[in-house]
Amino acid sequence: MVGYRRNFVVGGTYAFTVTLRDRASTLLTDHIDGLRAGYRRAHEHRPFTTVAICILPNHLHAIWTLPEGDSDYPLRWTHIKMLFVKHLIAQGVNVSINARGEASIWQRRYWEHTIRDERDLQNHLDYLHYNPKKHGLVERVCDWPHSSFHRFAERGVYALDCAAPPHLIEINE
(Lines give C-alpha, C1' and ligand atoms only; values in the text may rest on other atoms or scores of the structure.)
Protein backbone atom coordinates (compact mmCIF):
# COMPACT_ATOMS: atom_id res chain seq x y z
CA MET A 1 0.00 0.00 0.00
CA VAL A 2 1.33 3.41 -0.95
CA GLY A 3 1.80 5.81 1.95
CA TYR A 4 -0.64 8.69 1.91
CA ARG A 5 0.81 12.14 2.44
CA ARG A 6 -0.97 15.44 2.68
CA ASN A 7 0.55 18.75 1.67
CA PHE A 8 0.69 21.32 4.45
CA VAL A 9 1.28 24.95 3.52
CA VAL A 10 1.14 27.44 6.36
CA GLY A 11 -1.60 29.97 5.55
CA GLY A 12 -2.36 28.02 2.37
CA THR A 13 -5.50 27.81 0.29
CA TYR A 14 -6.92 24.33 -0.24
CA ALA A 15 -9.74 22.69 -2.16
CA PHE A 16 -11.48 19.77 -0.44
CA THR A 17 -14.00 17.09 -1.27
CA VAL A 18 -15.44 15.39 1.81
CA THR A 19 -17.75 12.44 1.18
CA LEU A 20 -20.22 10.27 3.02
CA ARG A 21 -19.49 6.55 2.94
CA ASP A 22 -22.92 5.78 1.48
CA ARG A 23 -22.99 7.57 -1.88
CA ALA A 24 -26.79 7.11 -1.99
CA SER A 25 -27.22 9.00 1.29
CA THR A 26 -28.80 12.44 1.50
CA LEU A 27 -27.78 13.18 5.10
CA LEU A 28 -25.84 16.35 4.31
CA THR A 29 -28.81 18.15 2.77
CA ASP A 30 -31.42 16.43 4.95
CA HIS A 31 -29.58 17.78 8.01
CA ILE A 32 -28.13 20.94 6.48
CA ASP A 33 -28.81 23.01 9.62
CA GLY A 34 -26.82 20.57 11.76
CA LEU A 35 -23.97 20.58 9.27
CA ARG A 36 -23.95 24.38 9.18
CA ALA A 37 -23.99 24.59 12.97
CA GLY A 38 -21.07 22.17 13.26
CA TYR A 39 -19.17 24.03 10.55
CA ARG A 40 -19.71 27.34 12.40
CA ARG A 41 -18.59 25.87 15.72
CA ALA A 42 -15.46 24.38 14.17
CA HIS A 43 -14.73 27.76 12.57
CA GLU A 44 -15.12 29.52 15.93
CA HIS A 45 -12.73 27.06 17.57
CA ARG A 46 -10.07 27.13 14.80
CA PRO A 47 -10.75 30.00 12.36
CA PHE A 48 -10.32 29.72 8.61
CA THR A 49 -11.71 31.59 5.62
CA THR A 50 -14.26 29.80 3.51
CA VAL A 51 -13.52 31.00 0.01
CA ALA A 52 -16.32 28.87 -1.48
CA ILE A 53 -18.50 25.91 -0.55
CA CYS A 54 -21.09 23.66 -2.13
CA ILE A 55 -22.98 21.07 -0.11
CA LEU A 56 -24.57 18.20 -2.01
CA PRO A 57 -26.64 15.33 -0.57
CA ASN A 58 -23.70 12.93 -0.09
CA HIS A 59 -20.57 15.08 -0.35
CA LEU A 60 -19.37 18.62 -0.12
CA HIS A 61 -16.73 20.74 -1.77
CA ALA A 62 -15.01 23.59 0.02
CA ILE A 63 -12.14 25.95 -0.61
CA TRP A 64 -10.47 27.31 2.49
CA THR A 65 -7.65 29.69 3.26
CA LEU A 66 -5.99 29.04 6.60
CA PRO A 67 -4.65 31.79 8.86
CA GLU A 68 -1.01 32.81 8.75
CA GLY A 69 1.05 30.42 10.86
CA ASP A 70 -1.49 27.59 10.59
CA SER A 71 -1.68 24.53 8.32
CA ASP A 72 -3.87 22.21 10.40
CA TYR A 73 -6.88 21.60 8.17
CA PRO A 74 -7.21 17.92 9.29
CA LEU A 75 -8.13 19.04 12.81
CA ARG A 76 -10.82 21.31 11.41
CA TRP A 77 -12.35 18.55 9.25
CA THR A 78 -12.25 16.13 12.18
CA HIS A 79 -14.10 18.69 14.28
CA ILE A 80 -16.74 19.37 11.59
CA LYS A 81 -17.33 15.66 11.03
CA MET A 82 -17.57 14.96 14.76
CA LEU A 83 -20.02 17.80 15.38
CA PHE A 84 -22.21 16.66 12.49
CA VAL A 85 -22.25 13.10 13.84
CA LYS A 86 -23.26 14.42 17.27
CA HIS A 87 -26.09 16.34 15.63
CA LEU A 88 -27.28 13.22 13.79
CA ILE A 89 -27.23 11.15 16.97
CA ALA A 90 -29.18 13.87 18.81
CA GLN A 91 -31.75 13.74 15.97
CA GLY A 92 -32.15 9.98 16.40
CA VAL A 93 -30.24 8.94 13.28
CA ASN A 94 -28.67 5.50 13.72
CA VAL A 95 -24.92 6.08 13.49
CA SER A 96 -22.61 3.20 14.22
CA ILE A 97 -19.14 3.89 15.59
CA ASN A 98 -16.25 1.54 14.75
CA ALA A 99 -13.43 0.39 17.06
CA ARG A 100 -11.36 3.44 16.11
CA GLY A 101 -14.16 5.74 17.24
CA GLU A 102 -15.02 6.74 13.67
CA ALA A 103 -18.62 7.24 12.62
CA SER A 104 -19.84 4.95 9.90
CA ILE A 105 -21.32 7.77 7.83
CA TRP A 106 -18.07 9.42 6.66
CA GLN A 107 -15.44 8.09 4.29
CA ARG A 108 -12.22 7.87 6.29
CA ARG A 109 -10.25 10.13 4.04
CA TYR A 110 -11.05 13.16 1.96
CA TRP A 111 -9.58 14.69 -1.15
CA GLU A 112 -7.45 17.77 -0.70
CA HIS A 113 -5.58 19.94 -3.18
CA THR A 114 -3.28 22.86 -2.48
CA ILE A 115 -4.26 25.80 -4.66
CA ARG A 116 -1.21 26.89 -6.66
CA ASP A 117 -2.25 30.15 -8.32
CA GLU A 118 -5.22 32.25 -9.46
CA ARG A 119 -5.95 30.06 -12.49
CA ASP A 120 -5.96 26.94 -10.32
CA LEU A 121 -8.29 28.71 -7.87
CA GLN A 122 -10.69 29.73 -10.66
CA ASN A 123 -10.75 26.17 -12.03
CA HIS A 124 -11.62 24.79 -8.60
CA LEU A 125 -14.24 27.49 -7.99
CA ASP A 126 -15.90 26.61 -11.29
CA TYR A 127 -15.82 22.90 -10.55
CA LEU A 128 -17.22 23.37 -7.04
CA HIS A 129 -20.02 25.70 -8.10
CA TYR A 130 -21.10 23.64 -11.12
CA ASN A 131 -21.09 20.33 -9.26
CA PRO A 132 -24.86 20.26 -8.57
CA LYS A 133 -25.51 20.47 -12.33
CA LYS A 134 -22.86 17.84 -13.04
CA HIS A 135 -24.66 15.45 -10.69
CA GLY A 136 -28.04 16.20 -12.26
CA LEU A 137 -29.49 17.87 -9.18
CA VAL A 138 -30.46 21.06 -11.04
CA GLU A 139 -30.67 22.33 -14.61
CA ARG A 140 -29.17 25.70 -13.69
CA VAL A 141 -26.47 26.18 -11.07
CA CYS A 142 -28.35 29.15 -9.60
CA ASP A 143 -31.18 26.78 -8.59
CA TRP A 144 -29.02 24.90 -6.06
CA PRO A 145 -29.54 26.50 -2.63
CA HIS A 146 -26.54 25.08 -0.73
CA SER A 147 -23.75 26.86 -2.54
CA SER A 148 -21.64 29.99 -2.37
CA PHE A 149 -22.41 30.40 -6.10
CA HIS A 150 -25.02 33.02 -5.19
CA ARG A 151 -22.45 35.14 -3.37
CA PHE A 152 -20.13 34.98 -6.39
CA ALA A 153 -22.99 35.83 -8.78
CA GLU A 154 -23.89 38.88 -6.68
CA ARG A 155 -20.28 40.08 -7.10
CA GLY A 156 -20.48 39.54 -10.88
CA VAL A 157 -18.07 36.58 -11.02
CA TYR A 158 -20.79 34.39 -12.58
CA ALA A 159 -23.99 35.20 -14.45
CA LEU A 160 -26.86 34.42 -12.12
CA ASP A 161 -28.68 32.29 -14.71
CA CYS A 162 -25.65 30.47 -16.08
CA ALA A 163 -25.68 26.73 -16.61
CA ALA A 164 -21.95 26.05 -17.09
CA PRO A 165 -18.84 28.13 -17.69
CA PRO A 166 -17.17 27.79 -21.09
CA HIS A 167 -13.81 26.92 -19.53
CA LEU A 168 -14.92 24.33 -16.97
CA ILE A 169 -12.34 21.58 -16.52
CA GLU A 170 -12.84 18.19 -14.91
CA ILE A 171 -11.19 17.79 -11.52
CA ASN A 172 -10.82 14.34 -9.99
CA GLU A 173 -12.77 13.93 -6.76
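**Pockets, cavity and rings**

Mentor: The largest pocket has a lining of 17 residues, and those nearest its centre are T78, K81, E102, A103 and W106. Keep in mind that this is a predicted model.

Trainee: What volume does the largest pocket have?

Mentor: About 360 Å³.

Trainee: And how does its lining divide by class?

Mentor: Eight residues of the largest pocket's lining are nonpolar, three are polar and six are charged.

Trainee: OK, next one. Which residues line the second largest pocket?

Mentor: The lining consists of L35, R36, Y39, R40, H43, I53, I55, L60, H146, S147 and S148. The space in the second largest pocket is about 180 Å³.

Trainee: Which element gives the largest share of that lining?

Mentor: α2, with five residues. Both α2 (32-45) and β2 (49-55) supply at least two residues each. By class, the lining of the second largest pocket has five nonpolar, four polar and two charged residues.

Trainee: Which elements give two or more residues to the lining?

Mentor: β1 (13-19), β3 (59-65) and α4 (118-134).

Trainee: How many charged residues are in that lining?

Mentor: None; the cavity lining divides into eight nonpolar and three polar residues, with no charged ones.

Trainee: Switching to E112. Is it buried or exposed?

Mentor: E112 counts as buried, because its relative accessibility of 12% falls under the 20% cut-off. The residue is found in strand β4 (residues 111-114).

Trainee: What does its side chain make polar contacts with?

Mentor: The side chain of R6 is one partner, at 3.0 Å. The side chain of Y73 is another, at 3.4 Å.

Trainee: How many aromatic pairs does the count come to?

Mentor: 17 aromatic pairs. Take F8 and Y73: their ring centres are 5.1 Å apart and their planes lie at 20°, so this pair is stacked. F8 is in the segment before β1 and Y73 is in helix α3 (residues 73-90), so the pair links distant parts of the chain, 65 residues apart.

Trainee: Are F8 and Y73 buried or partly exposed?

Mentor: F8 is partly exposed, with a relative accessible area of 43%, whereas Y73 is buried, at 0%.

Trainee: What about Y130 and F149, how are their rings arranged?

Mentor: Edge-to-face, because the planes are at 75°, with the ring centres 6.2 Å apart. Y130 belongs to helix α4 and F149 to helix α5 (residues 149-154), 19 residues apart. Y130 counts as buried at 4% relative accessibility, and F149 is buried with a relative accessible area of 0%.

Trainee: Last one. Which residues form the aromatic cluster with F8 and Y73?

Mentor: Y14, F16, Y39, F48, W64, W77 and Y110 form one aromatic cluster with them.

Key. Residues are numbered from 1 along each chain as its sequence is written. This is a predicted model: local features need pLDDT of at least 70, side-chain atom pairs count only at pLDDT 80 or more; totals for chains, interfaces and linings use all residues. Side-chain values use heavy atoms; hydrogens and water are left out. Helices (H or I, at least four residues) and strands (E, at least two) are DSSP runs, numbered from the N terminus. Ala, Val, Leu, Ile, Met, Phe, Trp, Tyr, Cys and Pro count as nonpolar, Asp, Glu, Lys and Arg as charged, and the others, Gly among them, as polar. Buried means under 20% relative accessible area, exposed over 50%, partly exposed in between (1.4 Å probe, protein chains only). A polar contact is a pair of N or O atoms within 3.5 Å; within protein, one must be able to donate a hydrogen and the other to accept it, and residues adjacent in sequence count only if both atoms are side-chain atoms. Rings of Phe, Tyr and Trp (its six-membered ring) pair if their centres lie within 6.5 Å; planes under 30 degrees apart count as stacked, over 60 as edge-to-face and the rest as tilted. On a 1 Å grid over the protein atoms alone, a cavity is a set of points where a 1.4 Å probe fits but cannot get out, and a pocket is an open set with protein on both sides within 12 Å along at least five of seven lines; lining residues have an atom within 4 Å of a point. Grid points are joined across faces, edges and corners, and a volume is the space filled by probe spheres set on the points.
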